[in-house]
Amino acid sequence: MATPVYSGARTAQRGRPRDASRDDALRRAALEVMAEVGYRALTMDAVAARARAGKATIYRRWESKLDLVIDTCTQLAHQNLPEPDTGSLTGDLREFLSGFAAFLSGPIGKAAQALVGELPHEPELAVAFRETFLTTQRDVLRRILERADERGELRPEAPRGMAVELAGAALIYRLMLTGDPLDLPFVDRVVDQVLVPLVAEGHQLTGVELT
């Protein structure tokens, strides 16, 4: 079976000019409903009712449920995930992961759990999620590592791809599976005990205790 390809959110442009504040209200409604019922049970009718809007208002903006959900996740990521440039690898990683942890701990947290839980069963959603929200998060981390390399902070053989994987995985694992808080002490341990020793010049990864 062919792998689904996501061609980007199809946003409608019919009728009057779009009101950005109305778009945000509809996205918030979609997020709230998805947190309650999951992606599969999410309907445009339910979003319209939560936002106190007509269903036609939603379809003027997004052509499908998939487009609405992916656009919502993408916009939230762009608005809430920082791209720090503190001048140091440790500072950039700590600031980014602190922001990411706060993002996942907020209203997006339950919706993210509902969404990620559906990915194995919804191939088109999985492709779209990876190519938008996940790519945004990973690209920020890659640029943090690139700047650190330009400053001479990384070892030549530093496993950058592994660092990018681990940075997000540690937070998602705690969010999805353990239920432990995504707090600043945990972020500090991920940065100081895992990521910096993994890639930074003059550091070595040894025994790690993140609990």
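This is a predicted model: local features need pLDDT of at least 70, side-chain atom pairs count only at pLDDT 80 or more; totals for chains, interfaces and linings use all residues.
Q: Why is Gln 137 called buried?
A: Buried means under 20% relative accessible area. Gln 137 has 5% relative accessibility, so it counts as buried.

Q: Where does Gln 137 sit, and what is it in contact with beyond its neighbours within four places in sequence?
A: Gln 137 belongs to helix H7, which covers residues 123-150. Beyond those neighbours, Gln 137 is in contact with Leu 81, Phe 96, Phe 100, Val 164 and Gly 168. Contact here means heavy atoms within 4.5 Å.

Q: What makes up the lining of the largest pocket, and how much space lies in it?
A: About 340 Å³ of space lies in this pocket. It is lined by 19 residues, and the closest to its centre are Phe 129, Leu 134, Gln 137, Gly 168 and Ile 172. Helices H5 (89-105), H6 (108-118), H7 and H8 (160-178) each give two or more residues to the lining. H7 gives the most, with six residues.

Q: How do the residues of that lining of the largest pocket divide?
A: They divide into 14 nonpolar, two polar and three charged. Gly counts as polar in this scheme.

Q: What can be said of the second largest pocket?
A: About 180 Å³ of space lies in the second largest pocket. Of its 14 lining residues, the closest to the centre are Leu 104, Ser 105, Gly 109, Gln 113 and Leu 175. H5, H6 and H8 each give two or more residues to this lining, and H6 gives the most, with three. The lining of the second largest pocket divides into six nonpolar, five polar and three charged residues.

Technical notes
Residues are numbered from 1 along each chain as its sequence is written. Side-chain values use heavy atoms; hydrogens and water are left out. Buried means under 20% relative accessible area, exposed over 50%, partly exposed in between (1.4 Å probe, protein chains only). On a 1 Å grid over the protein atoms alone, a cavity is a set of points where a 1.4 Å probe fits but cannot get out, and a pocket is an open set with protein on both sides within 12 Å along at least five of seven lines; lining residues have an atom within 4 Å of a point. Grid points are joined across faces, edges and corners, and a volume is the space filled by probe spheres set on the points.
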